[in-house]
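Here are some notes for a colleague who is opening this structure for the first time. Please read them with the model on screen.

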Amino acid sequence: MGDWKFLDYLRPTGSNDETTLVNEILEWTLQQPKKAQAKIDMIILSLQARPVWPPQYVSALTGCPGILELRISSFGVEYRPLGCHGPKAKEFTLLIGAIEKGGALPKGACETATERRKLVFEGWPTCEHEFTRSTPTKA
């Protein structure tokens with residue numbers, strides 16, 4: 001295991017039942033092409049092992065305090081999973097997946113990430129990051 005532990009935000013299924021939760025990040029990642037899934041996984045694996053993250057892969061999201069974006073490019077598409085440090089030291093929680101188009105994230109991505117960050121710090125459930133099956137992980 002590396003320096004960092006990555007967590008995934010769990011969201012309600014959309015029904016009125018808030019006890020059934022879905023891994024938001026895994027669901028989003030699986031909707032992307034296989035090569036993009038592998039690249040997303042490889043960047044996260046790389047970041048887990050680094051004490052300091054290079055700005056080419058992670059940057060603060062302008063206009064969205066406390067939220068960082070992972071910067072992942074694959075075949076001309078700019079994947080931008082959004083997350084935050086915490087809730088504990090050396091943890092990074094992925095809150096929402098996004099794709100940047102024309103230099104902008106989808107409308108509401110910052111607000112959703114900010115609200116989810118607040119919930120996570122209040123104790124909302126997360127899980128250890130789940131990698132897709134596109135990338136073999138070391139045991």
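**Notes on the model**

1. Trp 28 and Tyr 79 are both buried, where buried means under 20% relative accessible area, exposed over 50% and partly exposed in between (1.4 Å probe, protein chains only). This is a predicted model, in which local features need pLDDT of at least 70 and side-chain atom pairs count only at pLDDT 80 or more, while totals for chains, interfaces and linings use all residues. Residues are numbered from 1 along each chain as its sequence is written, and side-chain values use heavy atoms, with hydrogens and water left out.

2. Aromatic pairs come next. The whole structure holds 6 of them; rings of Phe, Tyr and Trp (its six-membered ring) pair if their centres lie within 6.5 Å, with planes under 30 degrees apart counted as stacked, over 60 as edge-to-face and the rest as tilted. Trp 28 and Tyr 79 make an edge-to-face pair, 6.2 Å centre to centre with 70 degrees between the planes. This pair links distant parts of the chain, since Trp 28 is in helix α1 and Tyr 79 in strand β6 (residues 77-79), 51 residues apart. Helices (H or I, at least four residues) and strands (E, at least two) are DSSP runs, numbered from the N terminus.

3. Trp 53 and Phe 92 are also edge-to-face, because their ring centres are 5.2 Å apart and their planes stand at 80 degrees. Trp 53 sits in the loop between α2 and β3 (58-60) and Phe 92 in strand β8, 39 residues apart. Both residues are buried. Ring pairs join Trp 4, Phe 6, Trp 53 and Phe 92 into a cluster.

4. Which residues of the largest nonpolar core touch the most other members? Of its 17 residues, they are Phe 6, Leu 47, Trp 53, Leu 70, Phe 92 and Leu 94. A nonpolar core is a set of buried Ala, Val, Leu, Ile, Met, Phe, Trp, Tyr and Cys residues joined through side-chain atoms within 4.5 Å. At least two residues of this core come from each of α1, α2, β4 (68-70) and β8, and α2 gives the most, with 5 residues. Another core, of 11 residues, lies apart from it and includes Leu 61, Ile 67, Ala 109 and Ala 113.

5. Strand β8 (residues 91-96) is largely enclosed by the rest of the structure, because 6 of its 6 residues are buried. Strand β1 (residues 5-12) runs parallel to β8 and is joined to it by 4 bridges; two strands pair if DSSP finds at least two bridges between them. Phe 6 has Phe 92 as its bridge partner in β8. Strand β7 (residues 82-85) pairs with β8 in the antiparallel sense over 4 bridges, and here Gly 83 is partnered with Leu 94. The hairpin of β7 and β8 has 5 residues between the strands, and in it Gly 86 takes a positive phi near 105 degrees.

6. Last, the disulfide. The search of the whole structure finds 1, a disulfide being a pair of cysteine sulfur atoms within 2.5 Å. Cys 64 is joined to Cys 110, with S to S at 2.1 Å. The disulfide is right-handed, because the torsion about the S-S bond of Cys 64 and Cys 110 is about 110 degrees. Cys 64 is in the loop between β3 and β4 and Cys 110 in helix α3 (residues 109-121), so the pair ties together parts 46 residues apart in sequence. Cys 64 is buried at 2% relative accessibility, whereas Cys 110 is partly exposed at 21%.
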